[in-house]
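Good morning, and thank you for making time for this presentation. Please look at the sequence and the structure together as they come up.

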Amino acid sequence: MSQNTSSRSVPRQSMWSFFREFLRDRQRIGAIAPTSTAVGRHMARLAGVAEARTVVELGAGTGAITAPVIEALPADARMWAYEIHDPFLAHLRERFDDPRVTFLNESAEAVRELRAREAPEGFDAIVCSIPFSLLPPVATDGILAAAAAALRPGGTFVALQYHPTYLVPLLRRHFGSVRREFHPFNLPPTLLITAREPRGDR
Ligand SMILES: C[S@@+](CC[C@H](N)C(=O)[O-])C[C@H]1O[C@@H](n2cnc3c(N)ncnc32)[C@H](O)[C@@H]1O
(Lines give C-alpha, C1' and ligand atoms only; values in the text may rest on other atoms or scores of the structure.)
Protein backbone atom coordinates (compact mmCIF):
# COMPACT_ATOMS: atom_id res chain seq x y z
CA MET A 1 0.00 0.00 0.00
CA SER A 2 1.48 3.42 -0.85
CA GLN A 3 1.94 5.68 2.14
CA ASN A 4 1.26 9.28 1.24
CA THR A 5 -1.15 11.42 -0.67
CA SER A 6 -0.82 15.05 -1.77
CA SER A 7 0.34 17.93 0.40
CA ARG A 8 -2.87 19.99 0.21
CA SER A 9 -4.13 20.93 3.65
CA VAL A 10 -7.68 20.84 5.06
CA PRO A 11 -8.17 24.36 6.45
CA ARG A 12 -10.71 23.50 9.15
CA GLN A 13 -12.67 20.59 10.46
CA SER A 14 -16.06 20.68 8.83
CA MET A 15 -18.49 18.26 7.30
CA TRP A 16 -17.84 19.87 3.94
CA SER A 17 -14.03 19.65 3.99
CA PHE A 18 -14.23 16.01 5.12
CA PHE A 19 -16.75 15.18 2.38
CA ARG A 20 -14.57 16.93 -0.23
CA GLU A 21 -11.58 14.78 0.79
CA PHE A 22 -13.83 11.68 0.65
CA LEU A 23 -14.71 12.51 -2.96
CA ARG A 24 -10.98 12.77 -3.75
CA ASP A 25 -10.03 9.44 -2.17
CA ARG A 26 -13.15 7.38 -1.42
CA GLN A 27 -11.47 4.03 -0.86
CA ARG A 28 -9.02 5.18 1.80
CA ILE A 29 -11.25 7.66 3.60
CA GLY A 30 -14.30 5.44 3.44
CA ALA A 31 -16.75 7.78 5.23
CA ILE A 32 -18.72 10.80 4.10
CA ALA A 33 -18.45 12.62 7.46
CA PRO A 34 -16.31 12.61 10.61
CA THR A 35 -17.42 10.34 13.48
CA SER A 36 -19.73 12.00 16.03
CA THR A 37 -18.20 13.19 19.32
CA ALA A 38 -20.60 10.92 21.27
CA VAL A 39 -19.39 7.83 19.41
CA GLY A 40 -15.75 8.95 19.81
CA ARG A 41 -16.26 9.33 23.57
CA HIS A 42 -17.86 5.89 23.72
CA MET A 43 -14.88 4.39 21.86
CA ALA A 44 -12.55 5.98 24.43
CA ARG A 45 -14.61 4.36 27.23
CA LEU A 46 -14.66 0.93 25.55
CA ALA A 47 -10.88 1.14 25.08
CA GLY A 48 -10.31 2.08 28.74
CA VAL A 49 -8.38 5.22 27.77
CA ALA A 50 -8.90 6.86 31.19
CA GLU A 51 -6.83 4.06 32.80
CA ALA A 52 -4.29 3.69 29.97
CA ARG A 53 -0.62 4.70 29.80
CA THR A 54 -0.14 4.06 26.07
CA VAL A 55 -2.82 4.48 23.38
CA VAL A 56 -2.63 4.25 19.58
CA GLU A 57 -5.12 5.49 17.00
CA LEU A 58 -5.21 4.03 13.47
CA GLY A 59 -6.78 6.33 10.83
CA ALA A 60 -7.13 9.61 12.74
CA GLY A 61 -8.76 11.58 9.87
CA THR A 62 -9.53 15.12 11.04
CA GLY A 63 -9.44 14.13 14.73
CA ALA A 64 -13.08 13.28 15.49
CA ILE A 65 -11.99 10.31 17.64
CA THR A 66 -8.57 11.76 18.53
CA ALA A 67 -10.22 14.65 20.43
CA PRO A 68 -12.33 12.54 22.83
CA VAL A 69 -9.40 10.14 23.32
CA ILE A 70 -7.13 13.06 24.27
CA GLU A 71 -9.91 14.36 26.56
CA ALA A 72 -9.89 11.03 28.45
CA LEU A 73 -6.10 10.47 28.35
CA PRO A 74 -4.35 10.60 31.77
CA ALA A 75 -1.81 13.42 32.19
CA ASP A 76 1.14 10.99 32.24
CA ALA A 77 -0.05 8.84 29.33
CA ARG A 78 1.11 8.92 25.70
CA MET A 79 -0.71 8.58 22.42
CA TRP A 80 0.42 7.89 18.83
CA ALA A 81 -1.96 8.48 15.91
CA TYR A 82 -1.48 7.18 12.35
CA GLU A 83 -2.89 8.98 9.30
CA ILE A 84 -1.82 8.48 5.66
CA HIS A 85 -3.92 11.18 3.96
CA ASP A 86 -1.59 14.20 3.93
CA PRO A 87 -4.25 16.96 4.05
CA PHE A 88 -5.73 15.32 7.16
CA LEU A 89 -2.31 14.90 8.74
CA ALA A 90 -1.55 18.62 8.26
CA HIS A 91 -4.90 19.43 9.86
CA LEU A 92 -4.25 17.13 12.84
CA ARG A 93 -0.83 18.70 13.51
CA GLU A 94 -2.39 22.16 13.42
CA ARG A 95 -5.44 21.21 15.53
CA PHE A 96 -3.75 19.32 18.37
CA ASP A 97 -0.81 20.81 20.21
CA ASP A 98 -0.34 18.29 23.02
CA PRO A 99 3.06 16.99 24.14
CA ARG A 100 1.50 13.58 24.93
CA VAL A 101 0.48 13.03 21.31
CA THR A 102 2.62 12.09 18.27
CA PHE A 103 1.17 12.00 14.75
CA LEU A 104 2.70 9.49 12.34
CA ASN A 105 2.51 9.69 8.55
CA GLU A 106 2.80 5.94 8.04
CA SER A 107 0.39 3.13 7.30
CA ALA A 108 -1.17 1.48 10.34
CA GLU A 109 0.71 -1.82 10.10
CA ALA A 110 3.82 0.09 11.27
CA VAL A 111 2.30 -0.14 14.78
CA ARG A 112 4.15 -3.45 15.26
CA GLU A 113 7.52 -1.67 14.95
CA LEU A 114 6.21 1.22 17.08
CA ARG A 115 5.74 -1.21 19.96
CA ALA A 116 9.38 -2.30 19.70
CA ARG A 117 10.51 1.35 19.82
CA GLU A 118 8.09 2.93 22.31
CA ALA A 119 6.25 0.31 24.40
CA PRO A 120 8.12 -3.03 24.57
CA GLU A 121 5.56 -4.37 27.06
CA GLY A 122 2.77 -3.66 24.51
CA PHE A 123 0.19 -0.88 24.15
CA ASP A 124 -2.80 -0.68 26.48
CA ALA A 125 -5.34 0.25 23.80
CA ILE A 126 -5.74 0.77 20.05
CA VAL A 127 -8.71 2.66 18.56
CA CYS A 128 -9.25 2.31 14.84
CA SER A 129 -11.60 3.63 12.14
CA ILE A 130 -9.83 2.38 8.99
CA PRO A 131 -12.46 1.38 6.37
CA PHE A 132 -11.37 -2.27 6.23
CA SER A 133 -14.18 -3.50 3.96
CA LEU A 134 -12.84 -1.21 1.19
CA LEU A 135 -9.25 -2.50 1.45
CA PRO A 136 -7.80 -5.63 -0.16
CA PRO A 137 -8.26 -8.53 2.36
CA VAL A 138 -4.51 -9.00 2.64
CA ALA A 139 -4.07 -5.35 3.71
CA THR A 140 -6.80 -5.72 6.36
CA ASP A 141 -5.25 -8.89 7.73
CA GLY A 142 -1.81 -7.24 7.84
CA ILE A 143 -3.16 -4.33 9.92
CA LEU A 144 -5.17 -6.59 12.30
CA ALA A 145 -2.17 -8.89 12.80
CA ALA A 146 0.06 -5.90 13.54
CA ALA A 147 -2.49 -4.46 16.01
CA ALA A 148 -2.80 -7.81 17.84
CA ALA A 149 0.99 -8.06 17.98
CA ALA A 150 1.34 -4.48 19.27
CA LEU A 151 -1.07 -4.79 22.22
CA ARG A 152 -0.11 -6.08 25.65
CA PRO A 153 -1.86 -9.35 26.63
CA GLY A 154 -4.62 -7.47 28.52
CA GLY A 155 -4.91 -4.75 25.87
CA THR A 156 -8.05 -3.70 23.98
CA PHE A 157 -8.70 -3.00 20.29
CA VAL A 158 -11.81 -0.97 19.40
CA ALA A 159 -12.82 -0.59 15.75
CA LEU A 160 -15.50 1.62 14.22
CA GLN A 161 -16.94 0.06 11.06
CA TYR A 162 -19.88 0.79 8.78
CA HIS A 163 -20.05 -2.64 7.17
CA PRO A 164 -22.30 -4.82 9.39
CA THR A 165 -20.52 -8.17 9.06
CA TYR A 166 -17.12 -7.83 7.36
CA LEU A 167 -14.67 -7.36 10.22
CA VAL A 168 -15.84 -9.70 13.02
CA PRO A 169 -14.66 -13.03 11.50
CA LEU A 170 -11.34 -11.46 10.51
CA LEU A 171 -10.84 -10.14 14.04
CA ARG A 172 -11.52 -13.61 15.51
CA ARG A 173 -8.32 -14.85 13.82
CA HIS A 174 -6.31 -12.44 15.96
CA PHE A 175 -8.33 -11.96 19.18
CA GLY A 176 -9.90 -14.44 21.62
CA SER A 177 -12.88 -12.18 22.44
CA VAL A 178 -14.83 -10.01 19.97
CA ARG A 179 -18.03 -8.09 20.80
CA ARG A 180 -19.97 -5.59 18.74
CA GLU A 181 -22.59 -2.92 19.38
CA PHE A 182 -24.65 -0.80 17.00
CA HIS A 183 -24.77 3.02 17.18
CA PRO A 184 -27.63 4.47 15.11
CA PHE A 185 -26.90 8.12 16.00
CA ASN A 186 -23.90 8.64 13.74
CA LEU A 187 -23.65 9.61 10.07
CA PRO A 188 -23.83 6.92 8.81
CA PRO A 189 -25.01 4.59 11.63
CA THR A 190 -22.04 2.51 12.77
CA LEU A 191 -20.80 -0.57 14.61
CA LEU A 192 -18.26 -0.43 17.41
CA ILE A 193 -16.36 -3.69 17.73
CA THR A 194 -14.31 -4.39 20.86
CA ALA A 195 -11.67 -7.11 20.63
CA ARG A 196 -9.68 -8.45 23.60
CA GLU A 197 -7.21 -11.29 24.30
CA PRO A 198 -4.85 -10.53 21.41
CA ARG A 199 -3.21 -13.69 20.10
CA GLY A 200 0.04 -11.82 19.33
CA ASP A 201 2.15 -12.50 16.24
CA ARG A 202 0.72 -15.27 14.02
C1 LIG B 1 -13.46 6.49 8.03
S2 LIG B 1 -12.12 7.67 8.10
C3 LIG B 1 -12.16 8.02 9.85
C4 LIG B 1 -11.53 9.32 10.20
C5 LIG B 1 -11.71 9.74 11.69
N6 LIG B 1 -11.02 8.83 12.57
C7 LIG B 1 -13.16 9.80 12.07
O8 LIG B 1 -13.60 8.89 12.76
O9 LIG B 1 -13.85 10.74 11.64
C10 LIG B 1 -10.72 6.58 7.92
C11 LIG B 1 -9.35 7.25 8.00
O12 LIG B 1 -8.35 6.22 7.95
C13 LIG B 1 -7.26 6.67 7.16
N14 LIG B 1 -6.56 5.47 6.69
C15 LIG B 1 -6.97 4.59 5.72
N16 LIG B 1 -6.07 3.60 5.59
C17 LIG B 1 -5.08 3.84 6.51
C18 LIG B 1 -3.87 3.16 6.85
N19 LIG B 1 -3.51 2.03 6.22
N20 LIG B 1 -3.09 3.66 7.83
C21 LIG B 1 -3.46 4.82 8.48
N22 LIG B 1 -4.58 5.52 8.17
C23 LIG B 1 -5.38 5.03 7.21
C24 LIG B 1 -7.92 7.48 6.06
O25 LIG B 1 -7.03 8.37 5.44
C26 LIG B 1 -9.03 8.19 6.85
O27 LIG B 1 -8.60 9.42 7.37
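This is a predicted model: local features need pLDDT of at least 70, side-chain atom pairs count only at pLDDT 80 or more; totals for chains, interfaces and linings use all residues.

Let me begin with the whole protein. It contains eight helices and seven strands. Its radius of gyration is 15 Å, close to the 17 Å that the globule rule gives for 202 residues, so the protein is as compact as a globular protein of that length. Along the principal axes, the C-alpha atoms fill a box of roughly 40 × 35 × 35 Å. Of the 202 residues, 45% are buried. If we take the contacts between residues at least 6 apart in sequence, 69% of them join residues at least 24 apart.

I turn now to the interior. In soluble globular proteins, nonpolar side chains tend to be buried together. Here, the largest nonpolar core has 56 residues, and V55, V69, I126, A147 and A150 are those with the most contacts inside it. Which helix supplies the largest share of this core? That is helix α7, residues 137-150, with eight residues. As for A147, leaving aside residues up to four places away in sequence, its contacts are V111, I126, C128 and F157.

Next, the ligand. There are 23 residues around it, and A31, T35, G59, G61 and A64 come nearest. By type, this shell divides into 14 nonpolar, seven polar and two charged residues.

Is D98 buried or exposed? It has 11 C-beta neighbours inside 10 Å, and a residue with 12 or fewer is classed as exposed, so D98 counts as exposed. The C-alpha atoms of D98 and R78 are separated by 9.8 Å, and these two residues are 20 residues apart along the chain.

Together, β6 and β7 form a hairpin, with six residues between them. Within this pairing, V178 stands opposite A195 in β7.

That concludes the presentation, and I thank you for your attention.

Terms used:
Residues are numbered from 1 along each chain as its sequence is written. Two strands pair if DSSP finds at least two bridges between them. Helices (H or I, at least four residues) and strands (E, at least two) are DSSP runs, numbered from the N terminus. A nonpolar core is a set of buried Ala, Val, Leu, Ile, Met, Phe, Trp, Tyr and Cys residues joined through C-beta atoms within 7 Å. A residue is buried if 20 or more other C-beta atoms lie within 10 Å of its own, exposed if 12 or fewer, and partly exposed in between; C-beta atoms are placed from the backbone. Two residues are in contact if their C-beta atoms, placed from the backbone, lie within 7 Å. A residue is near a molecule or strand if its C-beta atom, placed from the backbone, lies within 6 Å of it. Ala, Val, Leu, Ile, Met, Phe, Trp, Tyr, Cys and Pro count as nonpolar, Asp, Glu, Lys and Arg as charged, and the others, Gly among them, as polar. The radius of gyration is taken over C-alpha atoms; the globule rule is 2.2 Å times the number of residues to the power 0.38.
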